[in-house]
Number of protein chains: 2
Amino acid sequence: MEEKFTNATKLYEEYRKKQLANRFVGFLVNWDSQTEAPDGCFSERGRQMEVLSEENYKLSTDPKIIEAINILFENKDSLDPIMQHEIIEVKKSTDKIVKIPMEEVIEMSGLLASSQNIWAKAKNENNYELFKPTLKRIIELTQSYVKHLETPKLKGYNILLDEFEPGFTVKDYDAFFEALKKDLVPFVKKVTSTTLQYNDSFATLNYPKEKQKEFSNIIQEVMKYDKSRGLMKESEHPFTSGFGTSDVRVTVHYYEDNFISAIFSAIHELGHATYEMQVDPTLDTTFSGGGASLAMHESQSRFYENIIGRSPDFWRPLFPKLKEIFPKQLKGVRLADFIKQINKVENSLIRTEADELTYPLHIMIRYDIEKLLINGDITVDELPQVWNKYVKDYLGIDVPSDREGVLQDIHWAGGTFGYFPTYALGSAYAAQIHRAMKKDVNIKKSLEAGTTVEINQWLKEKIHKFGATKYPKEILKSATKENFKAKYYIDYLIKKYSKIYNIK
Amino acid sequence: MEEKFTNATKLYEEYRKKQLANRFVGFLVNWDSQTEAPDGCFSERGRQMEVLSEENYKLSTDPKIIEAINILFENKDSLDPIMQHEIIEVKKSTDKIVKIPMEEVIEMSGLLASSQNIWAKAKNENNYELFKPTLKRIIELTQSYVKHLETPKLKGYNILLDEFEPGFTVKDYDAFFEALKKDLVPFVKKVTSTTLQYNDSFATLNYPKEKQKEFSNIIQEVMKYDKSRGLMKESEHPFTSGFGTSDVRVTVHYYEDNFISAIFSAIHELGHATYEMQVDPTLDTTFSGGGASLAMHESQSRFYENIIGRSPDFWRPLFPKLKEIFPKQLKGVRLADFIKQINKVENSLIRTEADELTYPLHIMIRYDIEKLLINGDITVDELPQVWNKYVKDYLGIDVPSDREGVLQDIHWAGGTFGYFPTYALGSAYAAQIHRAMKKDVNIKKSLEAGTTVEINQWLKEKIHKFGATKYPKEILKSATKENFKAKYYIDYLIKKYSKIYNIK
């Protein structure tokens, strides 16, 4: 028995090393594909990714490895807590992986190697038909994936939701969104019927890209982004991608007629990057590095972006620097006007450009549509019409083009369904975390000194350093001394926007 | 027998697919490492590369694969000519690979993952000591590599030379360099004792990087570089790196006080890229894509850089465009002055900045030193002194710093010994190819129309499309109707520089 366990440990560690090397490759290929790979390389690249994916699949389904994982799982009580948590999660995914036929895994991987590029082209040309066949096949393979994994307890869309936020089901999300709808929808109506009195013409002037880059560098300094372990680049859709704690990269997209966009993309992505970089580096050689879950990851990016980044305290020392870089464009603009501009609420088309208050409505659209798509209740042919109808119903506006509608997000092109709802949940986590942080940190004082370093430090100790060694709900509870409550999110939003919009 | 052969073919094709996928990974990791990876990622990256290298090694030494290769080799007469050539070469390298112990392969791979970064830092800080321990270990592993591969016929440095240019030994290179020394050294003395009469002050003015990039774009257009299958970026040392014909990338390095450097780096690297891109694309799925040999590759880059790129015909339509981009810096500069500047001969320190005529002397320094290093006749402690002595002997100048001396080249940091001599051989191939091309193409007319398209086309048909399906000597012979002759190179240089320097 002793020997069997020792051998299983050794085999598992070998397996883990190889898998981490494969993840390293995946990280680099994805980074390159999304930032600079030439258009003409993608069909060849798809072929290579199929080969690599086939090898990875063979490794993950090697009966010897699966046996080793089973032995460790059976003896999990003799493992240290970190390893115990890891093996429970690994056992879950190998139980899953053996249920998906290899040819489907390989096909999906080959598809995803080029799909994001096809999507970018389709979006660019406002041509849904160009993307449709790829999306259709991605959905079919996802539906098949769900079918293979269904259990008597967990069915349909729940399978995908559970992968991104363990323990959160359609029932939980329905309840969460119902709570938001009940209290927020009437509040949003009040807010959008009020107009903020200020001159907003500065927001749409021309802000040259090179100058915007200069300001991105200042944001990196304020947030203490460690450039020796990362870099900032451009891509169609901003994202963060890293390998371990020693290489964590971010991208933004600069719009010359909307300079505010890249500022908050940068803060958002640097929030993700701060999380990744502050994980205990000894976890780099395990599967327990990185964030605890997607919602926990989004809680960090949204905490920095919305709660910190859109506050007057954050901008008091920074706004003069922004004016130095754009003296003409921001001539005569007061900090108070700028704060109004970055917290302006309006029913708009683009999720990534949506304000903090209406953002959850964008998520509800995607959540409802994903349920329909995965359950097969609508087809990709109907999708643009369905999209437009939901936008009209929730946001009250017409969608003038698919580029600003169904083609706006990269996620489905990346094969990710069940991911969107974690964005809204992340915002709710962030509000609860903010409430707890305030008891320990003088956030106002820290920000007025021109840096997030004390905030980073609190998050490191309470959340980041644990990586994925615990479940998100455990981390949330230990950091905030409470279970998850949607109430704090609703309270935070109503308090903040009542003040800005002077609503009693 | 029939079945055994069919199975071997199937196994070999599977193996080739996996190896090509591994090459794809190597291409991307190298590209990232040399262009943008953050400093802090390299030790972790080294660990991942060791794991990947171990897997690759296991694949290449799998007894089933080796058996399959042996079966195909024994039955090579029944293979088509391309496959026959490929299997002969593959057999050679598997015969080699089984002789190198796995731990040495893994150690070298781990070392090389970080060595180029260490070298760049050492060069930047002019600190040879920083690089020395890494270089020492690279040389020890290379010596050990050589020992493992020695045969009664082929010993020492020859092992490395043969890998880069099959069939070229110390004896051949000694003869080649002796011929150059005999005719060129006295000629170089005549040239360097003559001074060109013109005002060269424009050459060292400040040329902003962004403007230099603009001109690089024009060069890309002139040379018909297909940007849908490649991109140009910056790195410490310019290079070309590609995967198949669908993704061929180049880098340059811009010096604001030496604008001519990046121009010729660009032409040089685009010469390499043109070769790679013009290979028959059906070879992408085989091991017979890419260039026929290093010298053949260098013959193409040097053909474009020196024979074409430094000719008045090339610059006649292009020089006005250069003046448009740099109107202040090039005010009053005549084409004739510019041509003198880009063909100025002087005994200088930096190989990559050396002129066409003294360049072979720089190669001789490296060739002689590599022989000493690999044979263990000098140590890494003595290396900077030995380097400086050779520079004094061949070029007649003192080396003021290691940055401009032994640290100037990336090659040894990349574990490549035996590579340098192919640069000089490539120039000699280029002269012989030029002589043949002139019979078919009106080069002057073509260049004056502002494009290299007819030259590209001739090279594609005579050289590029064959990829590595034939030996370089066969390709040279079929393209030029002659065996290799050093004479054409010497004739070309003496004729060209006699005219420029007005030497009778």
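Chain A carries an open sheet of three strands, in the order 1-3-2 and with mixed pairing; strands here are DSSP E runs of at least two residues, helices are H or I runs of at least four, both numbered from the N terminus, and two strands pair if DSSP finds at least two bridges between them. Strand 1 (232-234) and strand 2 (240-243) of chain A sit at the edges with a single partner strand each, so one side of each has no neighbour in the sheet. On average, neighbouring strands of this sheet are turned by 25 degrees against each other, direction ignored. Strand 1 and strand 3 of chain A run in the parallel sense and share three bridges. Within strand 3 of chain A, A:Val250 is the bridge partner of A:Met232. Helix 10 (residues 259-277) of chain A packs on this sheet and touches strand 1, strand 2 and strand 3 of chain A, its direction making about 165 degrees with that of strand 3 (axes are lines fitted to C-alpha atoms, for helices over the stretch in contact, with angles from 0 to 180 degrees between N-to-C directions).

This is a predicted model, in which local features need pLDDT of at least 70 and side-chain atom pairs count only at pLDDT 80 or more, while totals for chains, interfaces and linings use all residues. Residues are numbered from 1 along each chain as its sequence is written, chains are lettered from A and ligands numbered from 1 in the order in which they are written, and side-chain values use heavy atoms, with hydrogens and water left out.

Now for the interface. Contact (heavy atoms within 4.5 Å) links 36 residues of chain A with 36 residues of chain B. Together the two chains bury about 2800 Å², 63% of it on carbon and sulfur atoms; this is the accessible area (1.4 Å probe) lost on putting the two parts together, summed over both. Ten salt bridges are counted between chain A and chain B, each a side-chain nitrogen of Lys or Arg within 4 Å of a carboxyl oxygen of Asp or Glu. One of them joins B:Asp32 to A:Arg249, with the closest N and O atoms 2.7 Å apart. On chain A, the elements that give two or more residues to the side touching chain B are helix 1 (2-35), helix 2 (42-60) and strand 3 (247-252). Helix 1 of chain A gives the largest share, eleven residues.

A:Lys224, in the loop between helix 9 (209-222) and strand 1 of chain A, has a positive phi near 60 degrees. A:Lys481, in the loop between helix 19 (472-480) and helix 20 (487-500) of chain A, has a positive phi near 65 degrees.
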